[in-house]
Amino acid sequence: MIEYPLETALPSQTFGFVSFSQVSLYQIGITIAFVAIAIAFSAIVREKDDIHKMLLIDLIEITGLVVIVLIATDLAEALILPGLVVGIAEIMVISELWLAKEELQQKHSVRKLDIEVMQTAPPIIGLMLAVYGIFLTGFSGGLIAALGLMIFFLGKNMDERFAAVENAAGYAWALWVLAFLIFMFIPSQWFLAVMLAAVGILLKVMAKMSLVGTMRGLNNV
Amino acid sequence: MNCIQKISLYLADTSNLPKIYAAVICLIAAIGICTVPFLTYHGDQLYPKPAEQNMSPLTPYDRGGVPFIEPAHIAAQYPENSPALGYVTAYLTPASWFLANTTCYLGTTIVGHPGGILDEILYYTRGLDTIVEASIFFVAFAIASFLYRRAKQ
Amino acid sequence: MFEQRLIQLPFGDIVHSLSGYTVVLFAFAVMFVVLAIISLPEKPVDIVFGTDGYYTKEIPVDLMKFQRFMAIACGIATIGAITTGDVFNFTLFAAFIGILNVGIVAAVKNKPVLDAAFSYGLVIMMATVPLFAGAAIIGATCGTLSIGELMKAGIHAPIVAKLFLLVGVLGEGMAPFYIGKAEITRSPGAPYILMIHVSSLLLFLRAVEIFLMV
C-alpha cells in the first residue's frame, strides 16, 4: 500500500540514470493521466468508423475522471458524479442521433427476447433489485432499481405509457430543485431537504433509465 | 491546388472535425507532460480526506458528529453561506444507524444511504452542480426521446 | 472592470455574481432569451432552379416547440455560465450549452444537417475531458475552485489547466469551427438557431474573463 501523503516528495529513488528525488505522488499521477489522454485521443485521430468513434469517446471520458480523482479529497468523489452523468447523457443523445442519421430507427424493430428464461426470471430479479434500490435511495439506489426495471421490461412486450413515465421523471426533477431551494433558503429544515433530494433523485434516475429499457423500436409506446 | 486550398478542403468536411479536435487535445496533453514539474499539489485542500483514520464502522467516510445533535466539522469554501453545515454529514438513517451499531462495515455502503459527506457536498454546499448535472440529463433525455418518437410518426 | 462585484447570489460554495463586464453579457443573453420566447419560426423559401416556381417549407408545430424549448434553455444555461463563480460549475454549464446546441441542430430532419450534428456531438463529448481535467488541475494545484478566492489570493492557475479549459470551451461552443457551423446552420429553424451563435460567443467571452483573472 502507498501511504505517502500526496504533497510530500517520495524518498529519493534512483532508477538507472534518473533520480526521482523531488517528484511527488501527484506529479506521477498527473503524468500518467496526461499520457493516457494523449493515447486515448490519438485513437480518435486514427479511427474512421462512426460507431467505433462513439464507443472510443465513451471510453476516453474516463481519462477526464482520472484527473478529477487526483484531487484526492471528498470533493473529488463528489465531482466524479456530475462528470459521469454528463458522459452518460451525451452518449444517449449521440447514439440516438446516429440512429436518426443512418436511418436505422425504423429498420430494427426488436421484439421481446423470446427465450424461456426471460419469461420467468425477470419479474423476480426485477422486483429484488427494485426493492433494494428503493431501500438504498439516492443515486446508486436509483441506478439499481432502474436496472431491475430494465430487466423486467426486456422480457415483456410492454405497452405502458411512455409519456406518463417521462412526466414522472420531470416531477422528480422538480422535487429535487425544491429540495435545493429548501437547503439554500430554509437551512433549518435540512432534514426535509435531504429526504426530498434522496427520493427525487431515486425517482428521476429510475424512471429515465427504465425508459431506456423500453426504447426498442416498437410502435405502441 | 495549393496548400491553403487543401487545408480548407479538409476543414470543410465536418466529419474531420473530431479528428482535428482530438489532435489538438493530444498536443495539449504533450504540453502538460512537459510542464509537470510546475504542477505542485496544494496541501491545504477543501473537504480533506484524512489519510489515517480510526477504525469506526463508517471508516472511509467517518467525519465525526452525532445525528441531529452535533454537526460534523467540514472545511467548506464559504461556511457562512451554509448555516446547517455538517448536519447532513452526521445524519444516518435508522437502518444505517442499526447497521453501524451491529457491523463494522457500513462505510463500504454508506454512499447508498441518505446522509454522509458526499450527500452534504452533492445536495448542499455544491448543490447547484448537481442541479446542472440533473438538467443535462433531463435535456439529453428530452432530445433522445424527441428523435425516437419522431421516427415512429 | 473585472474585479468589481455588483450583485452576489450565494448558493453554498458556489457564489453567483455579476461584474461590470459580465453584466453586459448578461443583458445580451436575457435579450436573446426574450427574443426566442416571443418570435415565430422563419419559413424558408426554395426557388426551383431555372423556372419561376418556388415553394415555402412549413415548420411542423412539434419541431417548433422543441427548438424553442431548447433555445430558451440554452439562453438560461448561458446566463448560468456568465454568472457562476466556480470553475467546475462553469465547466458543467459549458457542457450543458454544448448538449443544448446539439439538440437545436439535431431536431432538423435533413441528412447533411444530421451528419454535421453528429460530428459536433462527438466534439462536445470529447470536450468534457479537457473541461473537467482543467478544472480538476486548478482544484488540485490551487486548493480551491472558487474564482473569487483564486483572485483574492492572487494565485495563477497552471498554463496547462488554462489551455485545457480554453480548448474545452471551444469544443462546447464550437466557436472556432465556423466551417462546421456553416454546414450546421444551413437548416430551417431560424431564429432559434441563432441561440447557438449567441451562446458560444458569450461562453467564450466569459472564459476570457476567467483566464484573465485566475
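Me: How many residue pairs are in polar contact across the interface of chain C and chain B?
Reply: The count is 16 residue pairs, with both residues at pLDDT 80 or more. Keep in mind that this is a predicted model, so treat what we discuss as a description of a prediction.

Me: Which parts of chain C supply the side that touches chain B?
Reply: Quite a list! β1 (5–11), β2, α2, α3 (87–106), α4 (111–142), α6 (159–173) and α7 (178–184) of chain C each supply at least two residues.

Me: And which one gives the most?
Reply: That is α4(C), with 12 residues on the side of chain C that touches chain B.

Me: How many salt bridges are there between chain C and chain B?
Reply: There is 1 salt bridge between them. D86(C) pairs with R126(B), and their closest N and O atoms are 2.7 Å apart.

Me: How many residues does each chain put into that contact?
Reply: Chain C brings 54 residues and chain B brings 43 residues. Together the two chains bury about 4,200 Å², and 72% of that is on carbon and sulfur atoms.

Me: While we're on chain A, how many helices and strands does it have?
Reply: Chain A has 7 helices and 2 strands. Reading from the N terminus, the order is β-β-α-α-α-α-α-α-α.

Me: What share of chain A is buried?
Reply: Of its 221 residues, 46% are buried. As for contacts in chain A between residues at least 6 apart in sequence, 60% join residues at least 24 apart.

Me: Let's go back to chain C. Where does helix α1 run, and how far does it reach?
Reply: Helix α1 of chain C covers residues 22–38, which is 17 residues. From its first C-alpha to its last it reaches 24 Å, close to the 24 Å expected at 1.5 Å a residue.

Me: Which of its residues are buried?
Reply: In α1(C) those are T22(C), L25(C), A29(C), F32(C), V33(C) and A36(C). Looking down the helix axis, the buried residues of α1(C) fall within an arc of 105°, so they line one face of the helix.

Me: What's on the face turned away from them?
Reply: That face of α1(C) carries the exposed residues V24(C) and I38(C).

Me: And what covers the buried ones?
Reply: The cover includes β2 (14–19), α2 (61–83) and α8 (194–213) of chain C.

Me: I clicked on T78(C). Is that one buried or exposed?
Reply: T78(C) counts as buried because its relative accessible area is 2%, and the cut-off for buried is under 20%. You'll find T78(C) in helix α2 of chain C.

Me: What does the side chain of T78(C) reach?
Reply: It reaches the backbone oxygen of C74(C) at 2.6 Å. Leaving aside neighbours within four places in sequence, T78(C) is in contact with I97(C), S199(C) and L202(C).

Me: Last one: is E52(B) buried or exposed?
Reply: E52(B) is exposed, with a relative accessible area of 76%. E52(B) sits in the loop between α2 and α3 (87–90) of chain B.

Me: How far is E52(B) from L11(B)?
Reply: The two are 41 residues apart in sequence and 54 Å apart in space, C-alpha to C-alpha.

Methods: Residues are numbered from 1 along each chain as its sequence is written. Chains are lettered from A and ligands numbered from 1 in the order in which they are written. This is a predicted model: local features need pLDDT of at least 70, side-chain atom pairs count only at pLDDT 80 or more; totals for chains, interfaces and linings use all residues. Side-chain values use heavy atoms; hydrogens and water are left out. Helices (H or I, at least four residues) and strands (E, at least two) are DSSP runs, numbered from the N terminus. The expected span of a helix is 1.5 Å times one less than its number of residues. Buried means under 20% relative accessible area, exposed over 50%, partly exposed in between (1.4 Å probe, protein chains only). The arc is that of the directions from the helix axis to the C-beta atoms. Contact means heavy atoms within 4.5 Å. Buried area is the accessible area (1.4 Å probe) that two parts lose on being put together, summed over both. A salt bridge is a side-chain nitrogen of Lys or Arg within 4 Å of a carboxyl oxygen of Asp or Glu. A polar contact is a pair of N or O atoms within 3.5 Å; within protein, one must be able to donate a hydrogen and the other to accept it, and residues adjacent in sequence count only if both atoms are side-chain atoms.
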